[in-house]
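Let's go through this one together, one question at a time. Have the fold open beside you.

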Amino acid sequence: MKNRIALQISLIYFFTGSLWILFSDQFILSRAGSGNSITVLQTYKGWFFIGITAILLFLLIRKEIITKSEIEQNLIKAKLKAEVSDRLKSAFLSNMSHEVRTPLNSIIGFSELLTDADFDEDQKKKFTQQIIRNGNNLLSIISDILDISKLESGEIKIRKIKINAQKFISNMMEQFLLQTDRNKHKLIVTFPKNSENVFVFADVDRLMQVFNNLVANAIKFTPNGSIEIGYQPKGQMVEFYVKDTGIGISDEYRNKIFEHFMQVEADSTRKYGGNGLGLAISKNLIEQMGGEIWVESTFGEGSTFYFTLPEFKGKKIQYLG
Ligand code: ADP
């Protein structure tokens with residue numbers, strides 16, 4: 001293709017040049033009064049020819065250089081991107097094997113203790129509970145890891161439908177109430193006035209997953225206090241929030257907690273449970289549904305997680321809850 005274009009340009013140049021030589025001579029002869037003026041006109045003709053050819057050459061070479069440097073820059077960018085993703089992949093893999101090995105070691109350790117005759121039934125019951133707890137932890141780590149890798153490779157399909165915000169939250173409340181300890185937590189729901197007909201355009205299952213993550217965290221990081229859930233239409237979007245009066249997050253960690261495996265305290269897993277993937281998954285899901293997620297928090301006082309989703313105003317299949 002490139003050769004054909006080059007050949008076509010050269011042929012056009014050749015024929016135009018031939019026509020120029022043929023007709024310019026006749027034109028000079030018709031204008032020239034004497035031999036001397038023919039020489040002068042021929043010199044101008046020569047300059048004109050060199051000038052045009054030089055301009056053409058300049059344009060061609062410049063185009064070639066620009067294209068080459070663009071290709072070079074794109075290659076450098078692609079190389080840097082590949083290096084960064086390679087480093088991220090290695091970090092992700094080493095984190096992942098650590099996260100999986102921890103509960104697996106506990107399961108093996110406690111299973112070995114179960115076979116030891118030195119322990120009585122009560123102690124063995126505790127070991128069994130530990131095995132179940134670590135087994136569940138392992139299961140949630142593996143499904144979170146699968147989710148995050150599918151999300152990042154674009155394999156997760158988001159099926160957006162029209163969802164009634166109020167009905168959706170009301171339905172989830174029963175589940176949230178089961179997770180809270182009534183003696184320690186107060187669960188509050190705040191619906192704005194005249195908001196019965198506020199709809200969002202999102203994937204029901206994925207929205208449930210995000211709410212579950214945020215509310216489970218709010219409960220987990222609020223040893224004693226209240227958790228408030230609500231929403232507010234804002235422009236073209238609906239802003240949801242999950243507010244707690246828990247331990248809060250310091251400035252240093254506020255934005256980092258949305259990264260993979262990021263937990264504020266190094267021993268957070270032991271103290272509060274979890275694997276540091278919930279918020280990374282939630283961020284990815286919310287962004288894929290066309291929204292944003294962020295947190296406002298004061299260390300020691302509590303945190304409010306906000307996320308937005310596009311408001312739906314047309315007609316589509318409706319989630320009735
Ligand atoms: P995890 O499974 O550890 O909860 P997440 O990705 O959901 O993983 O959260 C990452 C970290 O962000 C948590 O380990 C915790 O340090 C911090 N965090 C999340 N939610 C809250 C909250 N409501 N209050 C205080 N810290 C929080």
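Strands (E, at least two residues) and helices (H or I, at least four) are DSSP runs numbered from the N terminus, and two strands pair if DSSP finds at least two bridges between them. Residues are numbered from 1 along each chain as its sequence is written. This is a predicted model, where local features need pLDDT of at least 70, side-chain atom pairs count only at pLDDT 80 or more, and totals for chains, interfaces and linings use all residues.

Q: Which residue in strand 7 is the bridge partner of tryptophan 294?
A: Strand 6 and strand 7 (residues 302-310) pair in the antiparallel sense over six bridges. For tryptophan 294, the partner in strand 7 is tyrosine 306.

Q: Which strands stand at the edges of the sheet, each with a single partner strand?
A: The open sheet has five strands in the order 2-4-5-7-6, with mixed pairing. One side of each edge strand is left without a neighbour in the sheet, because each has a single partner: these are strand 2 (185-190) and strand 6 (293-298).

Q: Is phenylalanine 92 buried, partly exposed or exposed?
A: Phenylalanine 92 lies in helix 2 (residues 35-114). A residue is buried with 20 or more other C-beta atoms (placed from the backbone) within 10 Å of its own, and exposed with 12 or fewer. Phenylalanine 92 has 17 such neighbours inside 10 Å, so the residue counts as partly exposed.

Q: Which residues does valine 215 contact, leaving aside neighbours within four places in sequence?
A: Contact here is C-beta atoms, placed from the backbone, within 7 Å. With that cut-off, the partners of valine 215 are Phe176, Ile227, Ile229 and Val242.

Key:
Two residues are in contact if their C-beta atoms, placed from the backbone, lie within 7 Å.
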